[in-house]
Amino acid sequence: KSEDKLTSFSKYISRMKEGQEHIFYAAGQNIDEVKSSLFVERTKRLGFEVIYFTEPMDEYVMQSLHEVMGKKTQNLAKAGLDLKLDKEKFEEQEKLFKPLTEWLKDKGLSGKIKDAKISQRLESSPCALVADEYMVSGNFQKVILAQAYATSGSATNSYYLNQKHTLEINPRHPLIKKLNELIQIDPNDDAAKENTLLLFDTAVLRS
């Protein structure tokens, strides 16, 4: 691995794990932010190398670079991630947490998110907001806000900044497990609603 030094796509590909199909990357405002990003948690734990991008234009360029030397690129902050996990176990988790994902979409966070799903990418964090493949990520929304030409009246900026993302939840996290229990007992539980909004606000900041 590059040990936090600059590397090339060819060198990254030469170090890819057997069976790895994608070049994984994550973007942020600085190296420390990206290294501690919730989006890289499980990917790194499973031993995959992740390319860190920290310049404002990096993610913009990568949005158009879908393949390098026969390997597809995968933004870890966007949909489409497939870590080849145990399919049967994952489907069991989807079924177990279906009451919660449906409640989050239709009631708990109605109007705030596009959808709610079980996550493959989270290891220690309870949830994250994930952009669709052709939408801008949370990091790129921050880049748009920071640009000198960004104005509150810009229709283009408004379109990008108001896009709704999918909330991915970590089925192993104790807060998510408790929330799943609470909403099945009482869908109108005040504690469940308050904790959900707190989790959402935290996800907005960290995603």
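Author: Happy to. A nonpolar core here is a set of buried Ala, Val, Leu, Ile, Met, Phe, Trp, Tyr and Cys residues joined through side-chain atoms within 4.5 Å. Please keep in mind that this is a predicted model.

With that in hand, the largest nonpolar core has 24 residues, and the members touching the most others are Y12, F24, F39 and L76. Two or more residues come from each of α1 (9-14), β1 (22-27), β2 (51-53) and β6 (127-130). Among these, β1 provides the largest share, 4 residues. The core also draws on both domains, with at least three residues from each of domain 1 (9-75) and domain 2 (87-206).

Setting aside neighbours within four places in sequence, F24 is in contact with Y12, T43, F48, E49, V50, I51, Q74, L76, L81 and L83. Two of these partners, Y12 and L76, are themselves listed with F24 among the members that touch the most others.

Apart from this core lies another, of 21 residues, including F90, F97, L100 and L109.

At least two lining residues come from each of β7 (166-169), α9 (174-185) and α10 (190-206), and α10 gives the most, with 3. By class, the lining counts 8 nonpolar residues and 1 polar residue, with no charged ones.

Conventions: Residues numbered from 1 in each chain as written. Predicted model: local features only at pLDDT ≥ 70, side-chain atom pairs only at ≥ 80, totals over all residues. Heavy atoms only, no water. Buried < 20%, exposed > 50% of the residue type's maximum accessible area, 1.4 Å probe, protein only. Domains from an automatic or database assignment. Contact = heavy atoms within 4.5 Å. Nonpolar A, V, L, I, M, F, W, Y, C, P; charged D, E, K, R; others polar.
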